[in-house]
Amino acid sequence: MSVLRINNICKTFDKDTVVLRGIDFSMEKGETVAIIGSSGSGKTTLLRCLNFLTQPDKGQITVNDEVLFDAADPATQKEREIRKKRLHFGLVFQNFNLFPQYTALENVMLASELLAKEQEDYRHNKKEIHERLLEHAKQLLTDVGLKDKMGHYPHQLSGGQQQRVAIARALALQPDVLCFDEPTSALDPELTGEVLKVIKGLADQNMTMIIVTHEMAFARDVADRVIFMDGGVIVEQGPPQEVFGNPKHERTIQFLRGYNNVG
């Protein structure tokens with residue numbers, strides 16, 4: 001069964017800037033899909049549509065056979081419902097987006113606690129729920145190698161450590177699909193490896209993930225499938241060994257020529 005199905009997603013900004021021109025693909029549970037392409041090809045806009053930060057003009061988004069968004073159905077576009085539907089996706093941004101006034105542990109716990117407070121049983125089981133969320137957040141930070149940094153504030157952490165906190169925060173709500181938008185683009189080369197190691201570990205654990213990346217070698221080594229986007233469309237997709245080793249479309253060949261570390 002497909003975890004995610006995207007049908008004919010289109011998006012235009014400012015009336016005449018067409019960014020997405022009918023995106024179609026599906027994902028199976030545990031699959032890692034890497035999306036590559038030049039800047040401006042629509043990769044980030046696609047992730048924002050999936051996370052309901054941007055509303056598509058056309059198309060449908062389905063998760064676990066539930067239609068979360070249908071541009072033709074206003075009932076799927078109510079803000080209160082959209083907030084709930086965002087929980088199906090976790091998004092790790094380029095620039096971490098941590099709250100500077102909170103520790104690493106508090107950043108990871110914040111969304112879970114806010115969500116818990118909306119539940120009917122929270123007032124009667126506040127202490128128990130808090131302890132459960134606390135232990136879960138501690139485990140997530142331990143899993144990303146930050147056991148000794150839980151009480152640190154973002155300004156006390158390196159860029160790589162901040163991004164690992166952001167990954168733990170995205171995992172805290174147990175999303176169906178975890179999305180990464182250029183997760184290493186704001187990092188120095190020496191810090192990139194520690195973040196990629198965490199993402200590779202998640203892939204090994206069969207976390208369902210979409211990774212927008214310029215790290216071609218990483219995409220080749222980690223992804224189950226690679227999608228090459230250009231001009232708001234999917235030009236080519238397939239197993240990494242085919243897309244990188246034997247691309248079929250001339251535009252894909254041209255794009256990959258710029259990456260000498262991918263053969």
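**Cysteines, rings and pockets in a predicted model**

The count of disulfides here comes to 0, where a disulfide is a pair of cysteine sulfur atoms within 2.5 Å. In general, a disulfide is a covalent bond between the sulfur atoms of two cysteines. C49 is in no disulfide, and the nearest cysteine sulfur, that of C10, is 9.7 Å away. C179 is in no disulfide either; the nearest cysteine sulfur in its case belongs to C49, at 11 Å.

The structure is a predicted model, in which local features need pLDDT of at least 70 and side-chain atom pairs count only at pLDDT 80 or more, while totals for chains, interfaces and linings use all residues. Residues are numbered from 1 along each chain as its sequence is written, and side-chain values use heavy atoms, with hydrogens and water left out.

Are the two cysteines C49 and C179 buried or exposed? C49 has a relative accessible area of 1% and is therefore buried; C179, with 0%, is buried too. The cut-offs are these: buried means under 20% relative accessible area, exposed means over 50%, and partly exposed is in between, using a 1.4 Å probe and protein chains only.

C49 belongs to helix α1, whose buried residues are K43, T45, L46, L47, C49 and L50. Helix α1 covers residues 43-50 and is mostly covered, with 6 of its 8 residues buried. Helices (H or I, at least four residues) and strands (E, at least two) are DSSP runs, numbered from the N terminus. An α-helix has 3.6 residues a turn, so residues three or four places apart point the same way. Just after α1, F52 takes a positive phi of about 60°.

Next come the aromatic rings. A pair of aromatic rings is described by the distance of the centres and the angle of the planes. Rings of Phe, Tyr and Trp (its six-membered ring) pair if their centres lie within 6.5 Å; planes under 30 degrees apart count as stacked, over 60 as edge-to-face and the rest as tilted. By this rule there are 3 aromatic pairs. In one of them, F99 and Y102, the ring centres are 5.9 Å apart and the planes stand at 70°, so the pair is edge-to-face. F99 has 38% relative accessibility and so counts as partly exposed. Y102, at 28%, is also partly exposed.

Another pair is F228 with F255, whose ring centres are 5.1 Å apart and whose planes are at 35°, so this pair is tilted. F228 lies in strand β9 (residues 225-230) and F255 in helix α9 (residues 250-256), so the pair ties together parts that are 27 residues apart in sequence. Both F228 and F255 are buried.

I211 is in strand β8, residues 209-212, and its relative accessible area of 3% makes it buried. Leaving out residues up to four places away in sequence, I211 touches T32, V33, A34, I35, F180, I199 and F218, where contact means heavy atoms within 4.5 Å. The C-alpha atoms of I211 and G201 are separated by 14 Å, the two residues being 10 apart along the chain. Q162 sits in helix α5 and counts as buried at 15% relative accessibility.

The pockets remain. Rolling a probe the size of a water molecule over the atoms shows where empty space is left. On a 1 Å grid over the protein atoms alone, a cavity is a set of points where a 1.4 Å probe fits but cannot get out, and a pocket is an open set with protein on both sides within 12 Å along at least five of seven lines; lining residues have an atom within 4 Å of a point. Grid points are joined across faces, edges and corners, and a volume is the space filled by probe spheres set on the points.

The largest pocket has a volume of about 960 Å³. Its lining has 22 residues, and R83, R86, L87, A111 and L173 lie nearest the centre. Two or more lining residues come from each of α2 (79-85), β6 (89-92), α3 (104-117) and α5 (159-172), and α3 gives the most, with 4 residues.

The second largest pocket holds about 350 Å³ of space. Of the 16 residues that line it, L140, D143, L171, L202 and Q205 lie nearest its centre. Helix α6 gives the most to this lining, with 5 residues.
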